[in-house]
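Subject: Structure handover

Hello,

Please find the structure below. My notes on what was found in it follow.

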Amino acid sequence: MPSIIGLGAFSNSDFKNIVKKFECSADPKLFEYLKYNALGHHKQGLFQTYLFQDDEEYKGYISLASTQIAVDDTELRQTLGVSDGLPYPIPALKITRLCISDPFKGKSIGTLLTMFAEIAAYEQQNKIGCRALLVDAKEKAVSFYGKLGFNVLDDTEDGICRMFKDIESLRSKDVNRKPEQKEMVEDFIDFCNTFNLPHFSKTFEKILTEE
Ligand SMILES: CC(C)(COP(=O)(O)OP(=O)(O)OC[C@H]1O[C@@H](n2cnc3c(N)ncnc32)[C@H](O)[C@@H]1OP(=O)(O)O)[C@@H](O)C(=O)NCCC(=O)NCCS
């Protein structure tokens, strides 16, 4: 069964063996992060990293962190429909790293891990609030994220382009009235069942069944 697994599930020695087989020639820094920092950061409650596993191989990883949209980030806040007068930073989720191991690039694993990040953002919204999924995309990955519904926020600077996806408000009351939202939540549950994420699917099952 394919799975998306948080690094908290691995011992140091198991993780060392997993990393040995990982390759990222396009961006060695992404490999180095996985090798030297990801497990420690995960266990310290910092950036949370998840591996994509299938056929007993670990094929890619994504790291996530909670973040905020500052009061002076006017354009993004307006695009998200946050009222002008709200004097607080608003909660969001950020993809801090995404990397697919060389032999498995171009097989939709990057797409699946990005969908997982979106599901994690809706889960975060349900528990503690989240109104956008953000990524500082490398220039060469902008069209990848664009295909997945991310919008460009600022001009590319130093090879980095700030992008975001709206994490719309998902409330049980609306989900049961709006067929497109209901379908999205049902797709999330299917995704969670496919990739062995029972903790996440519970949140969406609750949204579907609550009055
Ligand atoms: C970018 C990356 C995450 C994409 O993951 P992937 O599993 O190879 O991509 P997918 O198979 O899910 O591709 C989805 C779509 O994006 C396109 N795509 C994939 N990589 C792309 C790239 N680097 N640039 C532009 N488009 C890309 C695919 O052609 C595909 O398009 P299609 O649906 O029209 O066929 C992966 O190639 C990678 O790890 N690259 C090196 C590290 C990196 O750039 N990470 C992003 C940091 S912000």
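**Contacts and overall form**

Of the contacts in the chain between residues at least 6 apart in sequence, 65% join residues at least 24 apart; contact means heavy atoms within 4.5 Å. This is a predicted model, in which local features need pLDDT of at least 70, side-chain atom pairs count only at pLDDT 80 or more, and totals for chains, interfaces and linings use all residues. Residues are numbered from 1 along each chain as its sequence is written, and side-chain values use heavy atoms, with hydrogens and water left out.

The chain has eight helices and seven strands (DSSP runs numbered from the N terminus: helices are H or I, at least four residues; strands are E, at least two). Its radius of gyration is 17 Å, close to the 17 Å from the globule rule for 211 residues, so the chain is as compact as a globular protein of that length. That radius is taken over C-alpha atoms, and the rule is 2.2 Å times the number of residues to the power 0.38. Along its principal axes, the C-alpha trace spans about 50 × 45 × 30 Å.

His42 is found in helix 2 (residues 28-43). With a relative accessible area of 10%, His42 is buried. Leaving aside neighbours within four places in sequence, His42 is in contact with Gly6, Leu7, Gly8, Phe47, Gln48 and Thr49.

Regards

Notes:
Buried means under 20% relative accessible area, exposed over 50%, partly exposed in between (1.4 Å probe, protein chains only).
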